[in-house]
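Please look at the sequence and the structure before reading on.

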Amino acid sequence: MSTFAPNAAELKTRKPFRKATASNPSGNCLHVAELDSGEVALRHSDPAGPAIICTPGEWEAFEDGVRRGEFRLS
């Protein structure tokens with residue numbers, strides 16, 4: 001079950017948030033981090049902005065869908 005954190009900067013992460021190398025410097029990027037709890041957090045470029053928190057299983061299903069092209073926008 002996914003949850004929402006109003007301030008991603010307050011989350012306890014195992015490693016810092018990271019973004020894809022394909023992200024550009026104008027802010028078109030999302031950042032992801034594994035939390036101390038084992039859950040996964042996804043946020044926009046703003047470190048103090050909100051984050052979506054999901055379970056490892058939810059994240060794995062999302063990654064699989066991306067690899068299969070299931071989330072391509074038209």
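## Strand pairing

Ala41 stands opposite Ile53 in strand 5. Strands (E, at least two residues) and helices (H or I, at least four residues) are DSSP runs, numbered from the N terminus. The model is predicted: local features need pLDDT of at least 70, side-chain atom pairs count only at pLDDT 80 or more, and totals for chains, interfaces and linings use all residues. Residues are numbered from 1 along each chain as its sequence is written, and side-chain values use heavy atoms, with hydrogens and water left out.

Strand 4 (residues 40-44) runs antiparallel to strand 5, and four bridges join them; two strands pair if DSSP finds at least two bridges between them. A hairpin of six residues links strand 4 to strand 5. Strand 5 (residues 51-54) also pairs with strand 1 (residues 3-5), in the antiparallel sense and over three bridges. Here Ala5 has Ala51 in strand 5 as its bridge partner. In a regular strand the side chains alternate between the two faces of the sheet.

## Helix 1

Helix 1 has twelve residues, which at 1.5 Å a residue should span 16 Å; this agrees with its end C-alpha atoms, which are 16 Å apart. The expected span is 1.5 Å times one less than the number of residues. Just after helix 1, Gly69 takes a positive phi of about 80°.

## The largest pocket

The volume of the largest pocket is about 280 Å³. On a 1 Å grid over the protein atoms alone, a pocket is an open set of points where a 1.4 Å probe fits, with protein on both sides within 12 Å along at least five of seven lines; lining residues have an atom within 4 Å of a point. A volume is the space filled by probe spheres set on the points, which are joined across faces, edges and corners.

Of the 14 lining residues, Ala20, Leu30, Leu42, Trp59 and Phe62 lie nearest the centre of this pocket. Two or more residues each come from strand 2 (18-19), strand 3 (30-34) and helix 1 (56-67). Helix 1 gives the largest share, five residues. The lining divides into eight nonpolar, two polar and four charged residues. Ala, Val, Leu, Ile, Met, Phe, Trp, Tyr, Cys and Pro count as nonpolar, Asp, Glu, Lys and Arg as charged, and the others, Gly among them, as polar.

## The second largest pocket

The second largest pocket holds about 180 Å³ of space. Its lining includes Arg14, Lys15, Val32, Gly38, Pro56 and Trp59. Strand 3 and helix 1 are the elements that give two or more residues to this lining. Five of the lining residues are nonpolar, one is polar and five are charged.
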